[in-house]
Amino acid sequence: MHDRFRWFVVLLGLVLAGQSFALGDSKIGPRRPVEGTVKFDLYRGYLMVARGSAGTVKGLTFLLDTGASSSVLDPQLARRLHLQRLPASISVLGGSVQAEKSVAPSLNVGPMQSDNVPVLIEDLSFLQKALPVRVDAIIGLDVLGETAFVIDYAARQIHLGPLPALPDAVPLHMAGGLAIIDAQVNNLPAHLLLDTGASSLFLFARSTPGAVSDVRVSAIQQSSGTIGESDRKQVKLHSLRLGTTEFAQETAFLVPDGSHGGHPFDGLISPAGLGIRRVAVDLARGEAAFSR
């Protein structure tokens, strides 16, 4: 697969949606009351990187990503933890990727701690093309979603615990272990994956009449980049609405949907890509809120 970094970072939520296999019976949602703060470094304006530990191995570097339903360990870390590994096939746009799965004894980021975590094992060294540090693991929504949290991009902190009041709220529901929010794209209803690992707003290019990607755009151009083996098209939306807030003339990218509409969402939404400064998520209550 060409240009693997762009494919992974842009569509990380789809790669790790876990729709083709089951790692276990763990259920995303609050398991214990947790309060506190996780500090992170922000790269490229949207990628959150924090320090943490796995099992007895400390001083690790983690990428925090709400677009991943399952956490992912680099093979080097899996070897240090002496994990038993089994083969796994992961669905992606246009095909599948061979990976491995296992169970991490624990994953810890600040006050967050999850024990016996089902994980994927995949080579993460290509992320160094975007980051000045080596990433040992990706912490997904399986760990992040155990308690309500607020991402504060300006302060570069994640606050864990009861949510504060934020100006706008949107409905949120879970599908395939992922957080899906309701939106309106060019006055059409849309279900968008809340993906902090994505750089921009991405919509699936589907042929279904009335689909969200059947948008009338004010500008469109062919992108020189690729996603997997396919081209993407850059569009300028007439409108994007989250709750009561209107985002006018936002840029989005249309990407092919190799699953032919098999995903339970119409695209990916990047909070940082929309200029959102704070985003709050409570999976148990089905709520998300944000402020610009």
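The report below starts with the whole chain and then turns to single residues and pairs.

## The model and its numbering

This is a predicted model, in which local features need pLDDT of at least 70 and side-chain atom pairs count only at pLDDT 80 or more, while totals for chains, interfaces and linings use all residues. Residues are numbered from 1 along each chain as its sequence is written, and side-chain values use heavy atoms, with hydrogens and water left out.

## The whole protein

The protein has four helices and 23 strands. Helices (H or I, at least four residues) and strands (E, at least two) are DSSP runs, numbered from the N terminus. Of the 292 residues, 55% are buried. Buried means under 20% relative accessible area, exposed means over 50%, and partly exposed lies in between (1.4 Å probe, protein chains only).

The accessible surface comes to about 12,300 Å². Carbon and sulfur atoms hold 48% of that surface. These areas come from the Shrake-Rupley method with a 1.4 Å probe, and for residues only the protein chains shown count as cover. Now take contacts, meaning heavy atoms within 4.5 Å. Among contacts between residues at least 6 apart in sequence, 66% join residues at least 24 apart.

## Ser-71

Ser-71 sits in strand β5 (residues 71-73). Its relative accessible area is 0%, so Ser-71 is buried. Which residues does Ser-71 touch, not counting those up to four places away in sequence? They are Leu-107, Val-119, Leu-120, Ile-138, Ile-139, Gly-140, Asp-142 and Val-143.

Two of these neighbours come up again. The side chain of Ser-71 makes a polar contact with the side chain of Asp-142, at 2.9 Å. A polar contact is a pair of N or O atoms within 3.5 Å; within protein, one must be able to donate a hydrogen and the other to accept it, and residues adjacent in sequence count only if both atoms are side-chain atoms. A polar atom of the Ser-71 side chain also lies 3.0 Å from the backbone nitrogen of Gly-140.

## Gly-161

Gly-161 is in the loop between β11 (157-160) and β12 (168-175). Is Gly-161 buried or exposed? Gly-161 counts as buried because its relative accessibility is 6%.

Leaving aside neighbours within four places in sequence, Gly-161 is in contact with Val-34, Glu-35, Thr-147, Ala-148 and Phe-149. Gly-161 and Asp-282 are 121 residues apart in sequence. In space, their C-alpha atoms are 9.3 Å apart.

## Aromatic pairs

A pair of aromatic rings is described by the distance of the centres and the angle of the planes. Rings of Phe, Tyr and Trp (its six-membered ring) pair if their centres lie within 6.5 Å; planes under 30 degrees apart count as stacked, over 60 as edge-to-face and the rest as tilted. The whole structure holds three aromatic pairs. One of them joins Phe-202 and Phe-253: the ring centres are 5.4 Å apart and the planes are at 25°, so this pair is stacked. Phe-202 lies in strand β15 (residues 201-205) and Phe-253 in strand β20 (residues 251-256), so the pair ties together parts that are 51 residues apart in sequence. Phe-202 is buried at 1% relative accessibility, and Phe-253 is buried at 11%.

Phe-204 and Phe-265 form a tilted pair, because their centres are 6.1 Å apart and their planes are at 35°. Phe-204 is in strand β15, while Phe-265 is in the loop between β20 and β21 (267-269), 61 residues apart. Both Phe-204 and Phe-265 are buried.

## Salt bridges

A salt bridge is a side-chain nitrogen of Lys or Arg within 4 Å of a carboxyl oxygen of Asp or Glu. By this rule there are five salt bridges. One of them joins Arg-85 and Glu-100, with N to O at 2.8 Å. Arg-85 is in the loop between α3 (75-80) and β6 (86-92), and Glu-100 is in strand β7 (residues 95-109), 15 residues apart. Arg-85 is partly exposed at 28%, and Glu-100 is partly exposed at 26%.

Arg-278 and Asp-152 form another, with N to O at 3.7 Å. Arg-278 is in strand β22 (residues 278-282) and Asp-152 in strand β10 (residues 149-152), 126 residues apart. Arg-278 is partly exposed at 26%, whereas Asp-152 is buried at 12%. Glu-246 and Arg-241 also form a salt bridge, their closest N and O atoms being 2.9 Å apart.
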